[in-house]
Amino acid sequence: MRKILALILMIALALSLLCGLSAFAEEDKSNQVAIILQEGGLGDQGYNDGAKTGFDMMVEKYGIDGVLVEAAAVAEADTFIRQLASQGYGLIICLDWTIIDFVKAAAPDYPDTLFVVLGKSLPGPGSIENLIEPYTALHERAFLAGMVSILCSMDENQFIDDKGQEGCTVAVMTAGESVNNGRTNSSFQQAAAEFCPDATLIFDTTSSKTDTAVNQTIAENLIKNQGVDVIWPNIGTGSLSVYTACALNNAYAIGVDINQDELEPGTMLTSALHNTTYMVVEMVTGWQEGTLNGLNEYYWGTQTGVVGITDMATIAKYVDNQENFDRVMNIINDYVERIDNGDFVVYNYFVEGAVMYEDWAAAHPDTTYTDWVKAGRPE
C-alpha cells in the first residue's frame, strides 16, 4: 500500500512540475528585458556589475522583470540570441561586442523585440528599426586613461614619494589581439605625443579576462623587468589582480569601466569609465517610454558621462608633493573640458580608416589632429 501511495505522489509531483514548466513557457515576456553579459559574468566589479546596477534601478522604477545571462560561446551565439527572442523578451541588450553580428542577423527575424547592441565602431544612425546601436566614444576614454598614465609617470610630476621608476613607461593590458586595440593604442599614442613624446608605451595582449594568476604575473613582470609606472588593465574581472600587483610593487593602476578607485586606495590613480549603468538605464527608459528607434543616432561621449574618468579624489589623499599634484590636475581638468566642448579632438582610429595615430602623425607632420579635423581633413 505504501509503495502505491509513493507512486501516486511521484506521479502527482511530476504532473505538477510539467504544469509549472508549461506555464513558464507560456509566460508573457513582452515587458521583460534580457541582458547578455560580457565574458566573466557578474562579480567583475566593473562592466557587468555596472549593467546589473542599472537593471536593478529599472526594476524598481518600472516594476519590470528579466534575466541577466553570460554570453554563450561565439559559435553558439546565434542560437542563444534567437532562443531569447523566440521566448518573447521585449528588450534584449547585448553588452558583448564579440557577438554583434549575430544580433544584427537575428533582429529582422523578430520585429516585436527591440535589440540593443553595444560596440558600434562608427558614429551615425542605424539601419534597422528594432536594432538600436549606440556609439560609445571609447577613443575618448582611452585618451583620458593615456593622459593620466603618462602625466603621472613623468619624473618631474612625481607626487607620491615611493611610487614610480625613472623615465616615463606605461602599459595597457588586453586579452588578445583585437581590432579594438587599435582604437585604444592610437589614443595612448596621441596622449604621448601631446604630453611626453619620449614616453615608452607597452601594449600587452597576453592577458586574460578570467585568469587572475596569469594577469598578476604579467603585471609584476611589466613593473619589475620593464620599468612600467602605470598599468591600465582593460580586461574586466581579470583586472583585479593587476591592481594588487601594482599595490605590492609601488606602481600605479587605472580602473576600468566603473569607479574602482577604492579597490586599492593609494594605487588607483583614477578609473576610465565605460558606464554600463547609464547605458542600461537609458535604453530601458527609452523602451518603457516608447522612444527607442534603431534609425536614430545615439552618441555617448564624455559629455554624457558614459565615458570619462573619475575625479582622482581618492589618490589625492596620499599626495606628498601637492604642487606637482595640483599642476597635473590642472592639465587633466583642462583637457577634459576641451574634449567636452570640442576644442580638442581625440584621434578616432575607426573614423580614420583603421590607421594608427603614429602613422597618421607621420603623414601629417605640420598640423595637429584637432586642426586637421576642423579644416575638413584635407589631403
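## Aromatic pairs

F188 counts as buried because its relative accessibility is 0%, where buried means under 20% relative accessible area, exposed over 50% and partly exposed in between (1.4 Å probe, protein chains only). The model is a predicted one, in which local features need pLDDT of at least 70 and side-chain atom pairs count only at pLDDT 80 or more, while totals for chains, interfaces and linings use all residues. Residues are numbered from 1 along each chain as its sequence is written, and side-chain values use heavy atoms, with hydrogens and water left out.

The structure holds 19 aromatic pairs, a pair being rings of Phe, Tyr and Trp (its six-membered ring) whose centres lie within 6.5 Å, with planes under 30 degrees apart counted as stacked, over 60 as edge-to-face and the rest as tilted. One of them is the edge-to-face pair of F188 and F203, at 6.4 Å centre to centre and 85° between the planes. This pair links distant parts of the chain, as F188 lies in helix 6 (residues 179-195) and F203, 15 residues apart from it, in strand 8 (residues 200-204); helices (H or I, at least four residues) and strands (E, at least two) are DSSP runs, numbered from the N terminus. F203 has 28% relative accessibility and therefore counts as partly exposed.

The rings of Y347 and Y357 have centres 5.3 Å apart and planes at 80°, so this pair is also edge-to-face. Y347 sits in the loop between helix 10 (322-341) and helix 11 (357-363), and Y357 in helix 11, ten residues apart.

## Salt bridges

Seven salt bridges are counted, each requiring a side-chain nitrogen of Lys or Arg within 4 Å of a carboxyl oxygen of Asp or Glu. In the one between D257 and R141, the closest N and O atoms are 3.0 Å apart. D257 belongs to strand 10 (residues 252-257) and R141 to helix 5 (residues 138-153), so the pair ties together parts that are 116 residues apart in sequence. D257 counts as buried because its relative accessibility is 5%, and R141 counts as buried at 5% as well.

## R338 and its partners

R338 and D334 meet through their side chains in a salt bridge (3.8 Å, N to O). Because they are four residues apart in helix 10, about one helical turn separates R338 and D334. R338 is partly exposed, with a relative accessible area of 26%, and D334 is partly exposed at 36%. The charged end of R338 also sits over the ring of Y335, 4.6 Å from its centre, by a rule that asks for NZ of Lys or CZ of Arg within 6 Å of the ring centre and within 35 degrees of the ring normal.
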